[in-house]
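Hi everyone, thanks for making time this morning. I'd like to walk you through one structure, so please have a look at the screen.

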Protein chains: 2
Amino acid sequence: MNTQDLPANILDPNCPSRVIFQRIGDKWASLVIQVLGEGPVRFSELRKMVSVVTPKVLTQTLRALERDGLITRTVHAQVPPRVDYELTAMGESLLQPLSLLREWAESHVPTILEARDAYDDAQDEALLGSPSWAGRTGLPRG
Amino acid sequence: MNTQDLPANILDPNCPSRVIFQRIGDKWASLVIQVLGEGPVRFSELRKMVSVVTPKVLTQTLRALERDGLITRTVHAQVPPRVDYELTAMGESLLQPLSLLREWAESHVPTILEARDAYDDAQDEALLGSPSWAGRTGLPRG
DNA sequence: CCGTATCCTGCTTGATACTG
DNA sequence: CAGTATCAAGCAGGATACGG
């Protein structure tokens, strides 16, 4: 497998590479990964850190990540049950590309938000033809 | 704006950075971006390259990317209509983090697929207690 | 050629309640 | 504490048909 593969495969929805993109886009998965990037965390802690996600959804997320070999689940046989989740080596290796993406996001999100506002304004004007009425938002572009 | 922001914001589902992750996870958006990375492409070409996606869905994807300021839409007033889509500067800047992610995916996907298989096998055995029967049929739990 | 208009379906997400 | 079970809602994605 070389990295010079023709671009045809990345256009194939069946391309397994897509599974990663799915995980990234998953509402909670990427959050969990980044939290676990700082060390093992137990279930209840995870729930608290990731703004009160319901246990069902968190479990689904964790199971999916475990199935993909990105995290491990360790059950401590104790009277008060304790389960720790931790990144695997592969999971940790995902931290870097994820970080890069997060950095890109943080630095470009303001521009994106402005672009959306401008786009929506343009749509409004196109529909009405008369932008005489005062702008919706107090945020002019530029 | 430093990059040392407390990790609290990345855990907030309201954090605007999430919009990028959503786009990445979008079924067609990241594909379109990577296709457009090689130059402007017109609508029908895009449809062919990205394995026959329906026009509605492709339009949705393109509109969303345009609204975010990641691509531009250029209409050529011709007898046979011609519309070209092209990455903006910001869109191009997304190419690199995206590429990194794709490379990570391509190099780890085999391991992930193995992990999934192992996980599913373990589940089957846990349920049955007797893995004597030959390998799965490919369909876990009809 | 480049879309829009409808209608439809499955999956993701979640609220709520219950168990070892 | 760490989940599972059940039910319900919303929305992304898509099939099909039609319009500028």
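Let's begin with His108(A), which touches Met90(B) and Ser93(B), leaving aside residues up to four places away in sequence. Before I go on, please keep in mind that this is a predicted model. Where does His108(A) sit? You'll find His108(A) in helix H5 of chain A. Its side chain is also joined to that of Ser107(A) by a polar contact of 3.0 Å. If you'd like a sense of scale, pick out Val19(A) as well: 89 residues separate His108(A) from Val19(A) in sequence, and their C-alpha atoms are 25 Å apart in space.

Now to the interface as a whole. How many residues does each chain bring to the contact? Chain A gives 51 residues and chain B gives 52 residues. Together the two chains bury about 5,000 Å² between them, and 69% of that lies on carbon and sulfur atoms. Which residues of chain A lose the most area to chain B? Those are Phe21(A), Arg67(A) and Trp104(A), and together they account for 15% of what the chain A side buries.

Let's turn to the charged pairs. Side chains of opposite charge can pair when their charged atoms come close. Over all chains, the structure holds 12 salt bridges, and 4 salt bridges are counted between chain A and chain B. Here is Arg67(A) again: Arg67(A) forms a salt bridge with Asp120(B), and the closest N and O atoms are 2.7 Å apart. That pair crosses between chains, with Asp120(B) in helix H6 of chain B, residues 95-128, and Arg67(A) in helix H4 of chain A. Another one to click on is Arg116(A) with Asp68(B), a salt bridge whose closest N and O atoms are 2.6 Å apart.

Looking at polar contacts across the interface of chain A and chain B, we have 10 residue pairs, both residues being at pLDDT 80 or more. So much for the pairs; what about the elements behind them? On the side of chain A that touches chain B, at least two residues each come from helix H1 (18-25), H2, H4 and helix H5 (89-128). Which of them gives the largest share? That would be H5(A), with 20 residues. Sorted by class, this side of chain A has 27 nonpolar, 11 polar and 13 charged residues.

In chain A, the axes of helix H2 (residues 29-36) and helix H4 (residues 55-67) come within 10 Å and cross at roughly 70 degrees. That angle is why H2(A) is described as roughly perpendicular to H4(A). From H2(A), the residues involved are Ala29(A), Val32(A) and Ile33(A), and they meet Leu58(A), Thr61(A), Leu62(A) and Leu65(A) in H4(A). What classes do these residues fall into?

On the H2(B) side we have Ala29(B), Val32(B) and Ile33(B), and on the H4(B) side Leu58(B), Thr61(B), Leu62(B) and Leu65(B). The class count for this contact is 6 nonpolar, 1 polar and no charged residues.

Conventions. Residues are numbered from 1 along each chain as its sequence is written. Chains are lettered from A and ligands numbered from 1 in the order in which they are written. Side-chain values use heavy atoms; hydrogens and water are left out. Axes are lines fitted to C-alpha atoms, for helices over the stretch in contact, and angles run from 0 to 180 degrees between N-to-C directions. Helices (H or I, at least four residues) and strands (E, at least two) are DSSP runs, numbered from the N terminus. Angles under 35 degrees count as roughly parallel, over 145 as roughly antiparallel, 65 to 115 as roughly perpendicular and the rest as oblique. Contact means heavy atoms within 4.5 Å. Buried area is the accessible area (1.4 Å probe) that two parts lose on being put together, summed over both. A salt bridge is a side-chain nitrogen of Lys or Arg within 4 Å of a carboxyl oxygen of Asp or Glu. A polar contact is a pair of N or O atoms within 3.5 Å; within protein, one must be able to donate a hydrogen and the other to accept it, and residues adjacent in sequence count only if both atoms are side-chain atoms. Ala, Val, Leu, Ile, Met, Phe, Trp, Tyr, Cys and Pro count as nonpolar, Asp, Glu, Lys and Arg as charged, and the others, Gly among them, as polar.
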